Amino acid sequence: MTYKMEDVEDVQMNSKADKTCEETDPVPIMCLEGDGTNNQDKTCVRGSEEGATVPIKCHQTKFVQYIGLAGDLNYGCGDCPAGSEATCQECYGTTDESCNTEIEVTSPDYKCYDYEFKDKKFQMKKAMVTCKRLKDTAPKCNMPGKNSDSTNYENSGCGGCTEEQNTAMTCMDCGNVECNKAM
């Protein structure tokens, strides 16, 4: 959605080099900016490079449930950098609050058993894996199901199984820490 400048209070009309709005720009949005140590909500402005526009999205590092951060923690204005789809996620900003909110990870981490396909069957590894989760997310572990093989079970032991895996009995999950030990 594009707004006219009269819809925005206290905005001065200056040149693109001054990083201020033009009549055709969208209303500036708020995004959280920082590296996780000193984050602050800021109003996003036009970049200084030629052809830059006022951002309509915010970005932040992806958190993969039960695995952890997909990269170094980073919050900011604008689209994710090119080629960062695996580590970055974006959201559409608003004028009154940041959509890229701080990631709240629950402590402490917990552990689950992990499995590998070896000698034509799954075997529990000696070393357990560390699982990470967002605030208010229950711990879950998983293990190969009775119909699993090297092509249909590739989980790490952390987190639950998909509905399809449960139905096909290629994965079994449980809701306690260290609950996925082979019987």
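Visitor: D119, buried or exposed?
Guide: D119 counts as exposed, because its relative accessibility is 63%. Buried means under 20% relative accessible area, exposed over 50%, and partly exposed in between (1.4 Å probe, protein chains only). This is a predicted model, in which local features need pLDDT of at least 70 and side-chain atom pairs count only at pLDDT 80 or more, while totals for chains, interfaces and linings use all residues. Residues are numbered from 1 along each chain as its sequence is written, and side-chain values use heavy atoms, with hydrogens and water left out.

Visitor: Where does D119 lie?
Guide: D119 is in the loop between β9 (115-118) and β10. Strands (E, at least two residues) and helices (H or I, at least four) are DSSP runs, numbered from the N terminus.

Visitor: What about phi of D119?
Guide: Phi of D119 is near 55 degrees, a positive value in a residue other than glycine. D136 also has a positive phi, near 70 degrees, and is likewise not a glycine. D136 sits in the loop between β11 (129-131) and β12, and with a relative accessible area of 74% D136 is exposed.

Visitor: Change of topic. How many aromatic pairs are there?
Guide: Two aromatic pairs. Rings of Phe, Tyr and Trp (its six-membered ring) pair if their centres lie within 6.5 Å; planes under 30 degrees apart are stacked, over 60 edge-to-face, and the rest tilted. F117 and F122 have ring centres 5.0 Å apart and planes at 70 degrees, so that pair is edge-to-face. For F122 and Y153 the centres are 5.3 Å apart and the planes at 85 degrees, so this pair is edge-to-face.

Visitor: Which parts does the pair of F122 and Y153 tie together?
Guide: F122 lies in strand β10 (residues 121-124) and Y153 in the loop between β12 (141-144) and α1 (163-168), so the pair ties together parts 31 residues apart in sequence. F117, F122 and Y153 form one aromatic cluster.

Visitor: And F122, buried or exposed?
Guide: F122 counts as buried, at 18% relative accessibility. Y153 is buried too, whereas F117, at 37%, counts as partly exposed.

Visitor: Now disulfides. How many?
Guide: A search of the whole structure finds eight disulfides, a disulfide being a pair of cysteine sulfur atoms within 2.5 Å. One of them joins C31 to C58, with 1.8 Å from S to S. The torsion about that S-S bond is about -85 degrees, so the C31 and C58 disulfide is left-handed. C31 is in strand β1 (residues 30-33) and C58 in strand β3, 27 residues apart, which links distant parts of the chain. C31 is buried at 0% relative accessibility, and C58 is buried with a relative accessible area of 0%.

Visitor: What is the partner of C131?
Guide: C131 forms a disulfide with C158, the sulfur atoms being 1.9 Å apart. The torsion is about -80 degrees, so this disulfide is left-handed. C131 lies in strand β11 and C158 in the loop between β12 and α1, so the pair ties together parts 27 residues apart in sequence. C131 is buried at 1%, and C158 is buried at 9%.

Visitor: And the link of C80 and C88, left-handed or right-handed?
Guide: Left-handed, with -80 degrees about the S-S bond. The S to S distance for C80 and C88 is 2.1 Å. C80 counts as buried at 16% relative accessibility, and C88 is buried at 10%.

Visitor: Back to strands. In what order do the three strands of the open sheet run?
Guide: The order is β6-β3-β7, and the pairing is antiparallel. Two strands pair if DSSP finds at least two bridges between them. β6 and β7 are the edge strands, each pairing on one side only.

Visitor: How many bridges join β3 to β6?
Guide: Three bridges join strand β3 (residues 57-61) to β6. H59 has G76 in β6 as its bridge partner.

Visitor: Last one: what does A86 contact beyond its neighbours within four places in sequence?
Guide: A86 is in contact with K62 and A70, contact meaning heavy atoms within 4.5 Å. A86 lies in the loop between β6 (75-77) and β7 (88-92) and counts as exposed at 61% relative accessibility.
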